[in-house]
Amino acid sequence: MTTEEKNALLNHETVRAMSEGREVFWRNPGLRPFIEIRDTLPLTAADIADAEARLVRFAPYIARRFPETAEQAGIIESPLREIPAMREELARRFGESVEGRLFLKQDSELPIAGSVKARGGIYEVLQHSEALALEAGLLREGEGYEVFDSERFRDFFSQYAIHVGSTGNLGLSIGVMSAALGYRAYVHMSADARTWKKALLRKKGVTVIEYASDYSKAVEAGRREAGKDPRSYFVDDENSTALFLGYSVAAGRLAAQLKDLRVPVDRDHPLFVYLPCGVGGAPGGVAFGLKHVFGDDVYCVFAEPVQAPCMLLGLATGLHERVCVQDIGLTGQTAADGLAVGRPSGFVGKTVAPLIAGAYTVADEALFPYLRALWDSEGIFIEPSACAAFRGPRAAQDTVREAFTPAQLRGAAHVIWATGGRLVPEPERRAYREA
Ligand SMILES: *Cc1c(COP(=O)(O)O)cnc(C)c1O
């Protein structure tokens with residue numbers, strides 16, 4: 001991008017504010033009635049159903065290989081919990097009152113990978129493995145997928161490699177799953193990745209390759225390395241429809257949980273969902289799924305750090321993957337390591353452009369007070385990236401007040417999508433709480 005083009009970006013009011021590192025809320029002028037655009041989207045409800053069915057086929061294998069999932073019969077899912085004490089604490093500590101009920105979607109507790117990446121990442125590895133096994137005639141039609149947990153299958157997969165570029169959590173998810181199946185797994189880590197994540201992966205037999213540069217460079221290196229070997233597969237976080245569909249399955253599961261808790265979602269009871277966003281796959285996939293379930297009654301809002309608002313920038317300018325946060329003078333660096341992404345996924349940006357209600361940015365300093373407040377009020381730990389979602393109700397409030405009646409606001413449910421935390425070691429947790 002030329003200097004002239006970069007300067008032109010700053011004519012956009014929200015972009016100018018972002019370039020100054022300020023917190024912004026951007027209401028998406030491109031949001032459309034779902035029914036009008038559903039058939040123009042690159043993926044469909046049938047694709048989501050196909051992903052769900054694949055996860056069901058693999059459930060017996062998952063239950064056997066990862067005993068922590070046995071109770072849920074190998075379905076990798078997280079609790080949805082109402083957090084009334086945190087709701088009070090938000091008002092008391094920060095003067096941020098939430099109208100309606102407040103819930104936490106605890107992907108921070110997802111088994112195996114401890115973050116939202118346990119949805120997309122694991123799904124993509126399973127999809128690839130199923131395809132390889134079928135192609136090789138290893139898996140006979142109708143055979144139970146427990147056989148993936150056998151020497152025969154591990155020997156087979158050991159001929160193949162899987163590569164991924166990651167700021168940390170995607171690497172954990174892909175690395176752990178690939179190693180369990182018997183692949184040679186390579187994770188290309190950006191400078192933002194935490195030391196304990198690299199150590200954990202190495203302990204699982206994953207090869208971790210470290211880069212002094214950012215996420216985009218780590219992805220590029222992974223793509224290049226994988227390209228050299230025909231028996232290797234590259235998980236492309238920037239363009240993967242498999243990852244996206246793995247994430248999308250969360251929506252139907254959330255709908256069932258809301259129903260169990262007797263939380264209505266309709267015109268009079270809007271559902272607000274706040275989703276921390278990095279390259280876009282996780283929040284994009286979840287939002288895509290939610291629109292299929294709840295249509296215009298769900299309002300998906302993306303959360304990004306003030307120094308790395310790549311998706312907001314791509315959407316607001318319409319430039320998607322052709323623009324990066326460095327183009328408007330931002331660093332891309334943040335304490336929210338899972339969100340430290342400078343350039344958004346073009347595939348995701350274009351897909352969610354008519355689906356999401358808006359996006360906002362949050363300062364790093366705001367994340368730790370939320371982290372502490374949740375711990376003190378509910379005894380729940382989530383990692384800094386996940387805390388970005390707690391800024392949502394406040395960031396969106398002016399826009400929301402304009403668009404809804406007082407009765408609708410009282411009837412609303414707000415879901416904070418807590419995207420990670422389970423695997424964070426205790427010393428790190430303590431440091432975050434004391435930050
Ligand atoms: C990866 C990640 C996100 C965002 O997912 P993207 O697909 O990169 O947008 C949010 N929170 C945490 C904790 C993550 O690891």
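Which helix or strand supplies the largest share of the lining of the largest cavity? Helix H13 does, with 3 residues. Here are my notes on the rest.

1. Some ground rules. This is a predicted model, so to speak: local features need pLDDT of at least 70, side-chain atom pairs count only at pLDDT 80 or more, and totals for chains, interfaces and linings use all residues. Residues are numbered from 1 along each chain as its sequence is written, and side-chain values use heavy atoms, with hydrogens and water left out.2. Overall build. The protein chain folds into 20 helices and 11 strands; these are DSSP runs numbered from the N terminus, helices being H or I with at least four residues and strands E with at least two. Its radius of gyration is 21 Å, close to the 22 Å that the globule rule gives for 435 residues, so the chain is as compact as a globular protein of that length. (That radius is taken over C-alpha atoms, and the rule is 2.2 Å times the number of residues to the power 0.38.) The C-alpha trace spans about 60 × 55 × 50 Å along its principal axes.

2. Of the 435 residues, 60% count as buried. Buried means under 20% relative accessible area, exposed means over 50%, and partly exposed is in between, using a 1.4 Å probe and protein chains only. A contact means heavy atoms within 4.5 Å. Take the contacts between residues at least 6 apart in sequence: 75% of them join residues at least 24 apart.

3. The core. The largest nonpolar core has 151 residues, and Phe148 and Phe390 have the most contacts inside it. Such a core is a set of buried Ala, Val, Leu, Ile, Met, Phe, Trp, Tyr and Cys residues joined through side-chain atoms within 4.5 Å. Click on Phe390 and, leaving aside neighbours within four places in sequence, you'll find contacts that include Ile83, Met86, Leu90, Tyr360, Tyr370 and Ile416. Glu96 is on that contact list too.

4. The largest cavity. The structure holds 5 cavities of 30 Å³ or more, and the largest has about 240 Å³ of space. Of its 26 lining residues, Lys117, Gly278, Ala282, Gly338 and Leu339 are the closest to its centre. Strand S4 (161-166), helix H8 (169-181) and helix H13 (281-294) each supply at least two lining residues. By class, the lining has 11 nonpolar, 12 polar and 3 charged residues. For the terms: on a 1 Å grid over the protein atoms alone, a cavity is a set of points where a 1.4 Å probe fits but cannot get out, a pocket is an open set with protein on both sides within 12 Å along at least five of seven lines, and lining residues have an atom within 4 Å of a point. Grid points are joined across faces, edges and corners, and a volume is the space filled by probe spheres set on the points.

5. The largest pocket. About 380 Å³ of space lies here. The pocket has 23 lining residues, with Arg27, Leu31, Tyr299, Ala403 and Phe404 nearest its centre. Strand S1 (25-27), strand S9 (298-305) and helix H18 (392-403) are the elements that give two or more residues to this lining, and H18 gives the most, with 4. The lining's make-up is 13 nonpolar, 3 polar and 7 charged residues. In that count Ala, Val, Leu, Ile, Met, Phe, Trp, Tyr, Cys and Pro are nonpolar, Asp, Glu, Lys and Arg are charged, and the others, Gly among them, are polar.

6. Helix H14 (residues 310-317). Here 7 of the 8 residues are buried, so the helix is largely enclosed by the rest of the structure. Cys310, Met311 and Leu312 are among the buried ones. They pack against helix H2 (13-19), S1, S9, helix H15 (346-352) and strand S10 (358-362). Glycine 318 follows H14, with a positive phi near 75°.

7. In H12 (residues 250-260), the buried residues include Ala250, Arg253 and Leu258. Leucine 261 is in the loop between H12 and S8 and is partly exposed, at 35% relative accessible area. Leucine 261 touches Leu80, Arg101 and Phe103, not counting residues up to four places away in sequence. Leucine 261 and glutamate 82 are 179 residues apart in sequence, yet 8.9 Å apart in space, C-alpha to C-alpha. Arginine 262, in the loop between H12 and strand S8 (271-276), counts as exposed at 72% relative accessibility.

8. Two phi values to look at. Arginine 262 has a positive phi near 55° although the residue is not glycine. Alanine 73 also has a positive phi, near 55°; alanine 73 sits in the loop between helix H4 (45-65) and strand S2 (80-82) and is partly exposed, at 49%.
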